[in-house]
Every structure is written in structure tokens, then in C-alpha cells.
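Dear colleague,

Please find below the sequence and structure that I am handing over to you. A summary of the findings follows.

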Amino acid sequence: MKKDLDREIPELNWESQLAERTQFMKSSAIRELLKFTQDPEIISFAGGLPAPEVFPLREVEEACSYVVREMGKKALQYGTTEGYWPLKEFLSDSMHKYGIPAKPENVLLTNGSQQALDLIGRIFLDPGRYVLTGRPTYLGAIQAWRAYQAKFNTMRVDEQGMVVDEIEHAYQKSLDESGRPPALIYVLPNFHNPAGTTMPLERRIKLAEIATKLNLAVVEDDPYGQLRYEGKDIPPICNLIPERTIYLGTFSKTMAPGLRLGWIVAPEVLMKRFVQAKQGCDLHTGTLVQYIANDICQRGILKPHIKKICRVYKERRDTMLDALTEFWPEECQWTDPHGGLFLWARVPDSIDTDRFLREKALQEKVAFVPGVNFYPNADGGNHAMRLNFSYAPPDVIVEGIKRLGTALKKEL
Ligand SMILES: Cc1ncc(COP(=O)(O)O)c(C=O)c1O
């Protein structure tokens with residue numbers, strides 16, 4: 001109680017005012033870790049940050065001034081919830097080339113894919129409803145859907161991505177436990193975050209068959225598909241079963257994450273629901289940012305830019321793989337990603353990576369994300385970690401991997 005003259009003013013207990021679902025909201029381990037990594041001395045393999053050296057600064061600067069000068073009155077105005085039509089046309093056209101049969105009407109612009117995940121939660125997930133996903137899986141999806149009190153049943157992830165043979169079992173378990181079939185299956189077929197694996201075509205076909213047989217909706221999250229350093233593109237799940245797939249794309253890794261610009265491709269019947277959900281959330285994605293991205297896309301700058309990024313990231317991936325071989329104990333293993341930003345490393349069972357991070361790695365001024373954070377039911381990942389190879393320059397990657405290797409050897 002505070003005293004105000006002769007009156008007692010009760011203090012508000014904010015926690016007791018909050019909705020029940022806030023109990024299920026957690027801060028992301030990565031955001032928490034990124035706080036540590038603000039220390040310039042720390043070598044961070046923790047975040048999923050693109051290399052700032054390859055941000056298209058000049059291109060964005062030119063696009064900004066062109067858009068404001070030539071079409072500022074429209075670019076600074078409210079827009080439609082669905083998004084800026086010319087950008088939707090560009091995206092549907094480029095996705096056609098990538099194997100996704102999307103019309104502009106099937107595309108909704110979002111504030112990054114993260115908002116798309118939240119909107120999916122809004123329209124699909126009742127409290128206690130199950131989502132099927134791999135273990136490990138993308139932390140941001142777990143975080144978004146937990147807020148809607150979703151539950152998770154999981155399938156193993158091996159070198160070829162999610163083990164689709166386990167879907168039927170997880171489906172049945174969800175049905176037994178909640179009395180309803182799972183709301184959806186969430187997959188990351190290309191350069192999986194965090195595992196770094198890519199699902200081959202045969203497994204994608206099998207996944208499509210199982211989803212059809214079980215009448216499941218599929219969410220295909222594909223932020224890294226364009227960042228391929230070897231091999232050929234594999235048809236997306238959305239190519240195989242477009243009628244039951246919600247596909248998520250983003251400019252975060254190909255242009256810049258600060259733009260906060262992503263998109264959903266969904267069957268037309270669903271678009272109305274996404275639009276309703278998004279209207280209540282933020283009316284629409286920033287008009288200015290859509291105009292800027294559209295200008296960059298229409299001028300044909302994106303493709304060569306992606307080529308350039310891929311060259312830089314391939315070198316960093318190779319540097320990390322070589323450093324792991326040179327400096328880490330023989331007992332450790334890691335994935336060999338053909339694209340994306342991450343690899344997944346396993347250490348011997350005697351080492352708990354969460355404890356190792358807090359007690360050893362951070363003392364050595366190196367950060368990574370412990371594997372357990374990517375397990376929705378916290379039932380694994382204790383002897384694994386996710387390593388990002390896009391952010392640190394090659395010489396820093398070598399130094400960081402060397403420090404971790406020395407600390408790991410001391411633990412064994
Ligand atoms: C698999 C996956 N999905 C979604 C996101 C969110 O991306 P955005 O920046 O587009 O919100 C990320 C970001 O790292 C990701 O790795």
C-alpha cells in the first residue's frame with residue numbers, strides 16, 4: 001500500500017490479473033541467450049542471425065528513397081490485410097518456379113514467418129489440442145503454439161529429417177490422449193532448424209501419403225530453402241499436396257530479418273480465416289516495408305544477392321565443419337547441412353550441454369543453444385547443441401570451435 005495524503009492506494013498485483021494462458025508463455029531460450037551475447041567478447045553460435053556484412057544496404061537505401069519519392073503517399077498509407085498486390089504477384093510467380101502452385105489470392109504477407117506461426121495457432125489450436133512435429137523442432141513454433149495451450153507429440157529426426165514412419169503412432173497417441181485428431185503436422189523439410197537435415201523426395205512423398213491417409217493439415221516452414229550450398233532443389237511438400245499444406249516463406253534470411261516480412265501460402269478457403277486473425281492482430285503488415293521489398297524484387301536484385309549470400313555461408317559452413325574435425329573430441333558427431341544456417345552436434349552422454357554452456361562454454365566466451373530447448377516435451381537433446389555458422393566470420397568460427405573443443409576434451 002502506498003499513502004497518498006490520507007488515502008491508502010492499493011497496489012495492483014499484475015500477475016493475478018493475467019489470463020490463464022500466460023502460464024504457458026515462456027521467454028525464448030535464444031532471446032535470453034542473445035542477452036549474454038551482447039558482450040562483444042562472446043563468440044556466438046547461438047542465434048540464427050544472418051551475416052550483417054551481406055545485408056543489401058545500398059539496394060535497400062535506393063529502394064527506400066525511390067519508394068518514398070515516387071509513391072510515398074501510397075507507401076505510407078494503411079494497406080489491405082492480405083498484402084500489397086504486386087508483391088503477392090511476384091511471390092506467386094517465383095513460387096511457381098520453385099514448384100508451389102500459388103496464385104496471388106493464396107498469398108498473405110505477414111510480419112515474418114513468426115507471425116504466420118502465431119496466426120496458425122490462433123485459428124487452429126484449442127487448449128489441449130495436439131500438434132505433431134519432429135524432436136528436435138523449431139523453438140519459435142513451440143513458443144508460439146504453447147501460448148495457445150497446445151500439446152505436442154513428436155517423431156524422431158534422423159539424418160533425413162523427421163522420421164515419417166512414426167507419424168501414425170503419434171497421431172493415434174494424440175487421439176487417445178485428447179479425444180481429437182491432432183490439429184496439424186509441422187515440418188521443416190529444408191535445412192532443418194535446428195538439425196540441419198534435409199528430407200529427401202521419397203520421404204516427402206511418404207509424408208504426403210500419410211497426411212492424406214490420416215486427413216492431416218501440414219504446415220511446411222521453409223525459411224532456408226533458397227540457401228542451398230550443394231545439390232538440387234527438392235519439390236516442397238506444398239508441391240505434392242497443396243490442398244492440405246500451409247507453406248511459410250520469409251525474406252528474413254534472403255534479404256534482412258529487420259524487415260520483418262514473411263508470407264503464408266494457403267488454400268483459398270483458409271485465407272479468409274487468416275485475414276480475420278491478422279486483422280485483430282495488426283490490421284496489416286507495414287505498407288512501406290512491402291513496397292521496399294517489392295521494389296528490390298521487381299528490379300531483379302534478389303536472385304544475385306542470394307547467390308552472393310550462399311557463397312559466404314558455404315565458406316562459413318565448410319570452415320565450421322573443418323574446425324570441428326580438427327578440434328573436437330573423436331566421440332562427438334555432427335550433421336552435414338547442405339544449406340541453411342545451422343548444424344546439430346552430439347557430444348558424449350557424460351556431458352549435459354545445458355550445464356556445459358553455463359559452467360564452461362560461457363567462461364570460455366562461446367555461446368550455443370543447448371539441444372533440450374528444441375524438444376517440445378523436454379525429453380531429449382541433453383547431449384546435443386545447435387551451432388549457427390552464418391553470423392561469425394571464418395576466423396572467429398575457428399577460434400570458437402577450438403575453444404569449445406578444448407573445453408569438451410577437459411570434460412571427458
Ligand atoms: C524454422 C523457422 N521458422 C520461422 C522463423 C521466423 O522467421 P522470421 O524472421 O521470418 O519471423 C525462423 C527464424 O529463425 C525459423 O528458423
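Which helices and strands each supply at least two residues of the lining of the largest pocket? They are helix H4 (85-97), strand E10 (245-250) and helix H12 (302-327). Before the details, please note that this is a predicted model, in which local features need pLDDT of at least 70, side-chain atom pairs count only at pLDDT 80 or more, and totals for chains, interfaces and linings use all residues. Residues are numbered from 1 along each chain as its sequence is written, and side-chain values use heavy atoms, with hydrogens and water left out.

**Pocket**

The search ran on a 1 Å grid over the protein atoms alone, where a pocket is an open set of points with protein on both sides within 12 Å along at least five of seven lines, and lining residues have an atom within 4 Å of a point. Volume is the space filled by probe spheres set on the points, which are joined across faces, edges and corners. Helices (H or I, at least four residues) and strands (E, at least two) are DSSP runs, numbered from the N terminus.

The volume of the largest pocket is about 860 Å³. Its lining comprises 30 residues, with Ser94, Gln226, Leu302, Lys303 and Ile306 nearest the centre. H12 provides the largest share of this lining, seven residues. By class, the lining has 14 nonpolar, eight polar and eight charged residues (nonpolar: Ala, Val, Leu, Ile, Met, Phe, Trp, Tyr, Cys and Pro; charged: Asp, Glu, Lys and Arg; polar: the others, Gly among them).

**Aromatic pairs**

Seven aromatic pairs were found in the whole structure. Rings of Phe, Tyr and Trp (its six-membered ring) pair if their centres lie within 6.5 Å, and planes under 30 degrees apart count as stacked, over 60 as edge-to-face and the rest as tilted. The Tyr224 and Phe342 pair is edge-to-face, because the ring centres are 5.9 Å apart and the planes stand at 85 degrees. This pair links distant parts of the chain, 118 residues apart: Tyr224 is in the loop between strand E9 (218-221) and helix H9 (237-240), and Phe342 is in strand E13 (residues 342-346).

For accessibility, buried means under 20% relative accessible area, exposed over 50%, and partly exposed in between (1.4 Å probe, protein chains only). Tyr224 is buried at 4%, and Phe342 is buried at 1%. Trp328 and Trp334 also form an edge-to-face pair, with ring centres 6.3 Å apart and planes at 90 degrees. Trp328 is buried at 4%, whereas Trp334 is partly exposed at 27%.

**Salt bridges**

The whole structure contains 27 salt bridges (a side-chain nitrogen of Lys or Arg within 4 Å of a carboxyl oxygen of Asp or Glu). One of them joins Arg299 and Glu62 at 3.6 Å, N to O. Arg299 lies in the loop between helix H11 (287-298) and H12, and Glu62 in helix H3 (residues 57-75), 237 residues apart. Arg299 is partly exposed at 38%, and Glu62 is partly exposed at 36%. Both residues belong to a network of salt bridges that links Arg58, Glu59, Glu62, Asp295 and Arg299.

Within helix H12, Lys314 and Asp318 are four residues apart, so about one helical turn separates them. The closest N and O atoms of their salt bridge are 3.2 Å apart.

Yours sincerely

Definitions and conventions. 1 Å grid on protein atoms, 1.4 Å probe; cavity = no way out; pocket = protein on both sides within 12 Å on 5 of 7 lines; lining within 4 Å.
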